[in-house]
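Dear colleague,

I am passing on the structure below, and my notes on it follow. Please read them with the coordinates open beside you.

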Amino acid sequence: MGEFDSESPVRYFEREGMSMSISLSLSRIRITTACAGVLCVAGILALLLPAEAAAQAHRQKITVRYENVSFEYDAALSKDYLAETAPAVPLEQKDDKPDGVAPRHTVISLRGSYAARLRRDASSAFVVPRIYVYPLSDPNDPKFNEEFPTTRQAAVDLARLLARRAGAFTDEIPFLPWFDEDELFIGRTKFIRFGNGRGFMFLTQCGQESSAVNNAELLYVFQGMTDDNAWYVSAVFPVAAQGFPATGKIDNEAEFSARYAGYIRQTTDRLNRLPARGFTPDLHLLESLVRSLRVNSH
């Protein structure tokens, strides 16, 4: 490639179909034919690109395809995944608690993931990052809505919120899979479009009583539907936030409960101000996974 001055690398990359936006402070760079072809280009990149940018450029993506669901994610999140079809569990009696009730659906778990570093209690409901895809009807099952009322109700409630596309919520956002706990707060609400649908991502922590927001229970959640309203998509990711306690242990529960409303407001504001990279993992990686989702008709 011979010799070039400090402006020549940019012209070279543009000529080769690459684009660069790099401010060079070097007065002169000399590169000789001691390196050739690809090796020479790699050497130039090592000199000119910041280490972080170079790492971003070479990040490995993992593609998931299972039945009618596909998406991709950064290998920094997980090295492997397990895709399964969960069997239908219909509600037997109308007054039964709908624990585990759901139609036949897809569950994709990220294995060997970042979540292992969070050191959560293995008995927790959401230790492993998972994506769930539920059908919202079945032409062969005329009793679908009666058998799977929580799935149907979640879709109705979410459709109402999506019609508003509100940026903040004072009420709960629908949450599947259903379980007998409440969302203690909702933060960082973001409307997101994925391949053929839309929904909301938000931070939350679930429980049955007042508890401190902590990194053993904090979740980044997506709840959405396909544009044809045929499929409900849920993604539940355990996360940790910088500066938050490892557990929800409280020394004086009576005092804490008395000021809980104010505590939740302040804590939600604090989480909203924290940058995406202030979480483990970086929330942008999780949002990128969700945006890549596509759920096709069978």
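**Aromatic contacts**

Phe126, Phe175 and Phe179 form one aromatic cluster. Please keep in mind throughout that this is a predicted model. Across the whole structure, the search returns 12 aromatic pairs. One of them joins phenylalanine 191 and phenylalanine 200, whose ring centres are 5.9 Å apart and whose planes stand at 70°, so that the pair counts as edge-to-face. In that pair, phenylalanine 191 is partly exposed, at a relative accessible area of 22%, whereas phenylalanine 200 is buried, at 0%. A ring also takes part in a contact with a charge: the charged end of arginine 270 sits over the ring of phenylalanine 244, at 4.1 Å from the ring centre.

**The three-stranded sheet**

Three strands make up an open sheet in the order E1-E2-E12, and their pairing is antiparallel. Strand E1 (61-66) and strand E12 (294-295) are at the edges with a single partner strand each, so one side of each has no neighbour in the sheet. Between E1 and strand E2 (residues 69-74) the antiparallel pairing runs over six bridges, and threonine 63 has glutamate 72, in E2, as its bridge partner.

**Helix H8**

Helix H8 covers residues 283-291, and its buried residues are Leu283, Leu285, Leu286, Glu287, Leu289 and Val290.

Notes: Residues are numbered from 1 along each chain as its sequence is written. This is a predicted model: local features need pLDDT of at least 70, side-chain atom pairs count only at pLDDT 80 or more; totals for chains, interfaces and linings use all residues. Side-chain values use heavy atoms; hydrogens and water are left out. Buried means under 20% relative accessible area, exposed over 50%, partly exposed in between (1.4 Å probe, protein chains only). Helices (H or I, at least four residues) and strands (E, at least two) are DSSP runs, numbered from the N terminus. Rings of Phe, Tyr and Trp (its six-membered ring) pair if their centres lie within 6.5 Å; planes under 30 degrees apart count as stacked, over 60 as edge-to-face and the rest as tilted. A charge sits over a ring if NZ of Lys or CZ of Arg is within 6 Å of the ring centre and within 35 degrees of the ring normal. Two strands pair if DSSP finds at least two bridges between them.
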